[in-house]
Amino acid sequence: MNNTSASTIGSRQDLDSSKNSPSRMEGVTLCSAFMLTFVLVVAGNLITIILFAKNKNIRKKNLFLPINMAFADLFLGAVGLPIYIYDVGFYFQLWTSRIGNLSSNNRLYIFFLAFDTFFSQASIISAAFISCERFYAMYWPFKHRTLSTRTYRILIIIVWIITLFISAIWTGSNLLLSTKHTMFVWGLYTLILVLIMCGCYMGIWRKFQSGSVATSHQQNRDLQNKRLTKTLLFVSGLSLLAWLPLIILNFLIFVCLLPVQFKFYFMVNLINYFNSFVNPVVYALRIVEFRQ
């Protein structure tokens, strides 16, 4: 879920005003970590999607939104991450190329900016929809059970429409205006997402605490719903926690004009990208059908 990494690449001189000469050892370490993340993200999410497609036991409508999130993470890791690894290695002078890096090659920069923003936002918006869907499942369980597969498909279409709208605003603002002006708009968008997700978390937590959610004396279906809710909230919560540090760092850099060495920015993005691999691990640990 690498949200605003691309925007900063075009203004690298602003970030690295206080940097020393890049260390090749740091570059090798970071590139190795990014490459490992690439393998894990692609393999984990690809396996998750294949299992969902092949296994009828886990092809449930409740998992449509998590699989949609895995789809976004897969493309983000398979296409966006290799370009980012190339740029990291170029920055640390591990290799050279005639096409240059994202700072010097305008076409490559625009492609990465648009692609990275689109699929990262598809992932975080899917996480927000998962939170809302679980909130609905906890407070109106009987109505939730009557939701059709068609309803979930419509929700997924809405996710991608919102993603297209948000990513178009972000990409266009970065190219036509400046990152500083874009961050003010992005701040409002981030605040809305955080409030929605945190509101759902708090509501569900209160429902758990009230004791009105399923107990050991209630139906097995309710117990499974409660466990699934905890699992999916954990996944969406991790996505939010991995996304916020990058947003905060961008604000410190472009709004507060705080000088930051670019290697630290790479580290924050590493955490952000790695989160895309955590989700399949959580599914395997928490969902019996996936683990089997």
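Predicted model: local features only at pLDDT ≥ 70, side-chain atom pairs only at ≥ 80, totals over all residues.
The largest nonpolar core holds 73 residues. Seven of its members touch the most others: Phe34, Tyr84, Val88, Trp186, Tyr189, Trp243 and Phe266. At least two residues each come from α3 (24-54), α4 (64-91), α5 (106-139), α7 (149-176), α8 (179-210), α9 (220-254) and α10 (262-286). Helix α5 gives the largest share, with 15 residues. In soluble globular proteins, nonpolar side chains tend to be buried together.

Tyr189 illustrates the contacts of one such core member. Beyond its neighbours within four places in sequence, Tyr189 is in contact with Gln121, Ile124, Ile125, Ile166 and Trp243. Trp243 is itself among the core residues that touch the most other members.

Helix α3 was examined next. It has 31 residues. From first C-alpha to last, α3 reaches 44 Å, close to the 45 Å expected at 1.5 Å a residue. Its buried residues are Gly27, Leu30, Cys31, Phe34, Thr37, Val41, Val42, Gly44, Asn45, Thr48 and Phe52. The cover over these buried residues includes α4, α10 and α11 (288-291).

Ile67 lies in helix α4. Its relative accessibility is 11%, so Ile67 counts as buried. Setting aside residues up to four places away in sequence, Ile67 touches Thr48, Phe52 and Phe290. Thr48 and Phe52 are both listed among the buried residues of α3. The C-alpha atom of Ile67 is separated by 9.8 Å from that of Ala53, and the two residues are 14 apart along the chain.

Thr171 counts as buried because its relative accessibility is 11%. Apart from neighbours within four places in sequence, Thr171 is in contact with Leu113, Ala114 and Thr117.

The whole structure contains 27 aromatic pairs. In one of them, the rings of Phe115 and Phe119 have centres 4.7 Å apart and planes at 45°, so this pair is tilted. The two residues are 4 apart in helix α5, which means that about one helical turn separates them. Phe115 is buried, with a relative accessible area of 15%. Phe119 is buried too, at 10%. Phe119 also pairs with Phe118: the ring centres are 5.1 Å apart and the planes stand at 90°, so the pair is edge-to-face.

One aromatic cluster is formed by Phe34, Tyr84, Tyr91, Phe92, Phe112, Phe266 and Tyr273. A charge is found over another ring. The charged end of Lys207 sits over the ring of Tyr139, 4.8 Å from its centre.

The cysteines were checked last. A disulfide is a covalent bond between the sulfur atoms of two cysteines. The count here is 0 disulfides. For Cys132, the closest cysteine sulfur is that of Cys200, at 3.9 Å. This is too far for a bond, because the cut-off is 2.5 Å. Cys132 counts as partly exposed, at 33% relative accessibility. Cys256 counts as exposed, at 54%. Cys31 is one of the buried residues of α3.

Conventions. Residues numbered from 1 in each chain as written. Heavy atoms only, no water. Core = buried A, V, L, I, M, F, W, Y, C linked by side-chain atoms within 4.5 Å. Buried < 20%, exposed > 50% of the residue type's maximum accessible area, 1.4 Å probe, protein only. Contact = heavy atoms within 4.5 Å. Expected span 1.5 Å × (residues − 1). Phe/Tyr/Trp six-rings, centres within 6.5 Å; stacked < 30°, edge-to-face > 60°. Lys NZ or Arg CZ within 6 Å of the ring centre and 35° of its normal.
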